[in-house]
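Me: I'd like to go through the helix packing and the nonpolar cores of this model. Could you take me through it step by step?

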Amino acid sequence: FSFSWQTTFQDGGEEVEDGAVYNVTLKKVQIQQAANKGARWLGGEGDQLPPEHTVRQYETSKIRAIKAGTLEKLVENLLTAFGDADFSYISIFLATYRAFASPRAVLELLLDRFGNLETSSHGEVANLNSLESEMVLRAEIASVLRAWLDQCSEDFREPPDYMCLLKLLDYLKNNMPNSDMESRVQNLLKQFQNQEVEAVDGFCSTSSSGLVDGEELEISSPEEFSSFQDHVVAEQLTYMDVMLFRRVVPYHCLGSIWSQRDKKENKNLAPTIRATITQFNAVTKCVISTILGTRELKIQQRAKIIEKWINIAHECRILKNFSSLRAIISALQSNSIYRLKTTWMFVSKDVLLMYEELSEIFSDHDNYLTSRELLMKEATSKFANLDSSEKENQKKSQKRLQLQKNKGVMQGTVPYLGTFLTDLIMLDTALQDYVEGGLINFEKRRREFEVIAQIKLLQSSCNSYCLIPDPKFIQWFRRQRHLTEEESYKLSREAEAAADSNILSPKSQKSMVKRISTLLLGTDVFTPPKEQPPKSSPVGGSSGESTDSASVSSCEFNHSETEDVCVTPVSSPEDPLKKSSVGSDKGYDSDKGSISSDKGCSSKGSLSDPASGSDSGSILTRDSGSVPGSGPRVLPVYNRQSEGSCIIRVSMDGLHASVYKSILITNQDRIPDVTQRALLKHNLEPDAVEDYELVQVISEDKELVFPRDANVFYGMNSHVNFDFILRKKA
């Protein structure tokens, strides 16, 4: 017999149970069956029979995917998901549950309620005492525990007591004695206990604590930097990036977790992400320091250093290291470097063209579509897919790529982590945590998992790298002293004072500003009022902001927080690089998740604002991450009202008018609701709603003041930026 299958999916609606709502999809499989023997005699070619001699059979199965539920139901679903054909549920739950529950709460439910056969209410075995039923339940629990240990063993790292791991070990000793899993948990406990509480690897440390005794931070000489070959620098930066990216704990990237990092009690939250961001900032600072740090350099010498960094960026591209690539491009587009008009004129034409092509990778067109598509294209490819419009660069690229291929070692892909943080925070802003009845919105977690799965795929690809650390370079990199904004701007003016006359006015330069902020500590986004030479300030702020501002024209770092950086490129009409920009005028915000506006820059290391990321195109997501047949849905974005919702930016009057929070509003929200959410976002007392008024900024001299019970969505002016101020009433 020969068989052929044709599968179709049909929406089966919803099923509601006590404490849970399920999406139902009907999977219909058409099976065509025919007898091979005698097919030719009956007129068929090969094994194909005429339609009238084919038997069609239909088989319909039901796929149930939990859409929302109580924590108990979500944990119970871990044991029934395979039976409901929701095969990805366990992975989705384990990757995202930290957003709504703790490991201890999940483990207690799994072991105490469902793992205790005498009190279990698990539907398949309730009130059954047969040995077979016990074996079924134990097998289901063992499967979940095995997946948990495989995918998220870090969940059990709870020094010094390791309560969850000890509880799990006790369960296994009583219910699965002498099993492989018991041995595995014992080994994991010993491993955790033997390991000291480690700070994240100090490759990216820019403090003296990372130096050998007696060494001090210094500005390196041009000769020392030039002694490192371009490909060696790129390989070492990639080595450091790979080590840090592989250690990133994916659930730390969830918007609901990462956005809480600025609270006092969360200063140690998400250390693996902080380390990755710190490394990004260290690369950016290093680029600027090597170009401006030596006053005695001639213009031609400074141009050669710029050329060297562009070539290093190209080598990073060949190595598929998009993190250091973006850090280098960002630094070259900072105010203090980009304004060096005469220096850039001495950069060779071929290198300038290469720089433009590398910058285009991070164009903000269609929500950074180019970099997103390239990242996914190369995520699983063995080598970089290089394509240059310039012949010389194309020849050089192919030659370097061939050398990589001749080594016979595949390469992984190191992403710019901020892209994923942006997406996850935007999802967290746009989608509710709970739905009607107080049920946990698991559809939100399915969508978040689509992003988390990409991170895990790229982490897996990084195992393909075969890079060896170079102690000489790493030590050189660590001991670099990085310039503050004030220092770098001052040195830039010393190098080319006349260039200031060519810097664009605030209005005309607006579209050319690119701010790459750090992802750290601040949830706020700074919008500098004007681009001016920095004025001296008491501590760290040198652009008129307070001392905790990280908004800079080159690379200003608060001395109390070395992990902050913000880069601002500015080009003038006469600039030789006027076509090139890293995404022109938009940065992005790690706190709220999207691309920031042309003015946006973050404080304390946020990456720009969530919402503006989709100004040029709405973000589409699936309604159900793992259920076939689901359609795309448009999520709310900044500066656009869509499907009864949008995202606005609210700043606090009297603090920093340029510090804002992104807030999701719907067509049901009135002034008290939005005011209360804004106060909460700014860490102020939410009960003080009556003391504040909400106004929309229409222009420099016009504001729209809302009445007490106005509907914000319908009352706002949708033809200007969705920027609001929360002001204390007189």
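**Helix packing and cores**

Reply: The axes of helix α4 (residues 131–152) and helix α6 (residues 180–194) come within 12 Å of each other and cross at roughly 30 degrees. Axes here are lines fitted to C-alpha atoms, for helices over the stretch in contact, with angles running from 0 to 180 degrees between N-to-C directions. Because angles under 35 degrees count as roughly parallel, α4 is roughly parallel to α6.

Me: What is the handedness of the crossing where α4 passes α6?

Reply: α4 passes α6 in a left-handed crossing, a term used if the near helix is turned anticlockwise from the far one by less than a right angle.

Me: And which residues in α4 and α6 meet?

Reply: On the α4 side A142, L145, R146, L149 and D150 meet M181, R184, V185 and L188 of α6, where contact means heavy atoms within 4.5 Å. The residues of this contact divide into six nonpolar, no polar and three charged; Ala, Val, Leu, Ile, Met, Phe, Trp, Tyr, Cys and Pro count as nonpolar, Asp, Glu, Lys and Arg as charged, and the others, Gly among them, as polar.

Me: Before going on, where do these numbers come from?

Reply: This is a predicted model, in which local features need pLDDT of at least 70 and side-chain atom pairs count only at pLDDT 80 or more, while totals for chains, interfaces and linings use all residues. Residues are numbered from 1 along each chain as its sequence is written, and side-chain values use heavy atoms, with hydrogens and water left out.

Me: OK, new topic: how many residues has the largest nonpolar core?

Reply: The largest nonpolar core has 130 residues, and those with the most contacts inside it are F93, L145, L237, W309, I328, L332 and W344. Helix α10 (residues 271–292) gives the largest share of this core, 10 residues. Such a core is a set of buried Ala, Val, Leu, Ile, Met, Phe, Trp, Tyr and Cys residues joined through side-chain atoms within 4.5 Å, buried meaning under 20% relative accessible area with a 1.4 Å probe and protein chains only.

Me: What lies apart from it?

Reply: Another core, of 23 residues, lies apart from it, and V674, A678, L694 and V712 are among its residues.

Me: And how many helices and strands has the protein?

Reply: The protein has 24 helices and 18 strands, taken as DSSP runs (H or I, at least four residues, for helices; E, at least two, for strands) and numbered from the N terminus. Of its 730 residues, 56% count as buried.

Conventions:
Parallel < 35°, antiparallel > 145°, perpendicular 65-115°, else oblique. Buried < 20%, exposed > 50% of the residue type's maximum accessible area, 1.4 Å probe, protein only.
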